[in-house]
Amino acid sequence: MSPDWGPGTEVLGEVGPGVRVLELGCGGGGNLAHVASLGSEAVGVDMSAVQVAQAQHRWPDMEVWHDRAERFLSAVVAPYDVIYSVYGAAWFTDPEILLPLVLETLSPGGRYAFSHNPPALDGCYGAQVTQMKPERPGDDPLFVKRFDYEPAQWELLLKSAGFEDIEAEIIAPPAGKRLGTLLVTAHAPR
């Protein structure tokens, strides 16, 4: 959700007062703070303690949790109307584990939206290993899996998990940038 390029909160559908929204992989909380400023009940979760601390420092009244997306979703009691991920947990969590949890956590008709880089190399699909920068100097780097699929494959994965109204596309990069953005939206059954 960049103010100068790409889609904004319209990808999430109706957000505002009375709408429960969850961001998976909220990082430093910038996107989540924007959604909260629209009146939504906005909650974020991120596996980086450093990022969560930054979000809590910048927005002390915002609800941000330090946890893995799949563990957080497994403990949710009340459903969310919108769940989204901007270059976050949807890219770094096995879709066979994540998608059923997201579907169970969405309210009927709720929207799931996520974005990440499209696969960088033809033929490199599925789980890829990514090295994350250490959170603090002296920390060992973190190796995580990244799940790269083309739009048609994401559509099949979401459909097999039980989602409906699925759209997946690659948005072309702005001038001077090499990679575009893979954007996927889907809904829970009503």
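Is Ser37 buried or exposed? Ser37 counts as exposed, at 54% relative accessibility. The cut-offs are these: buried means under 20% relative accessible area, exposed over 50%, and partly exposed in between, with a 1.4 Å probe and protein chains only. Ser37 sits in helix α1, residues 30–37. Its C-alpha atom is separated by 8.4 Å from that of Gly16, 21 residues apart along the chain.

A word on the model. It is predicted, so local features need pLDDT of at least 70 and side-chain atom pairs count only at pLDDT 80 or more, while totals for chains, interfaces and linings use all residues. Residues are numbered from 1 along each chain as its sequence is written, and side-chain values use heavy atoms, with hydrogens and water left out.

Now the overall picture. The protein has six helices and nine strands. Those are DSSP runs, numbered from the N terminus: helices are H or I with at least four residues, strands are E with at least two. The protein has 190 residues, and 47% of them count as buried. Take the contacts with a separation of 6 or more: 60% of them join residues 24 or more positions apart. Contact here means heavy atoms within 4.5 Å. The accessible surface comes to about 10,000 Å², and 53% of that belongs to carbon and sulfur atoms. Accessible areas come from the Shrake-Rupley method with a 1.4 Å probe; for residues, only the protein chains shown count as cover.

Next, charges. Side chains of opposite charge can pair when their charged atoms come close. How many salt bridges does a search of the whole structure find? It finds three. A salt bridge is a side-chain nitrogen of Lys or Arg within 4 Å of a carboxyl oxygen of Asp or Glu.

Start with Arg20 and Glu41. Their side chains meet at 2.5 Å, N to O. Arg20 lies in strand β1 (residues 20–24) and Glu41 in strand β2 (residues 41–46), so this pair ties together parts that are 21 residues apart in sequence. Arg20 counts as buried, at 18% relative accessibility. Glu41 counts as partly exposed, at 41%.

Then Asp67 and Arg71. That salt bridge is 2.6 Å, N to O. Arg71 is exposed, at 52% relative accessibility. Glu70 and Arg68 make another, at 3.1 Å. Arg68 is partly exposed, with 34% relative accessible area.

Which residues form a negative surface patch? They are Glu155, Glu164, Asp165, Glu167 and Glu169. Patch residues have over 30% relative accessible area and no salt bridge; like charges are joined within 9 Å, and nonpolar side chains (Val, Leu, Ile, Met, Phe, Trp, Tyr) within 5 Å. Asp and Glu count as negative, Lys and Arg as positive; His and the chain ends are not counted. The place of a charge is NZ of Lys, CZ of Arg, CG of Asp or CD of Glu. Strand β8, residues 164–171, gives the largest share of the patch, four residues. Glu155 is in helix α6, residues 151–161. Glu155 is partly exposed, at 31% relative accessibility.

Last, the backbone. Asp165 lies in strand β8. Its phi is near 50°, a positive value in a residue other than glycine. Asp165 is exposed, with 56% relative accessible area. Tyr87 also has a positive phi, near 50°. Tyr87 lies in the loop between β4 (80–86) and α4 (89–92). Tyr87 is partly exposed, at 33%.
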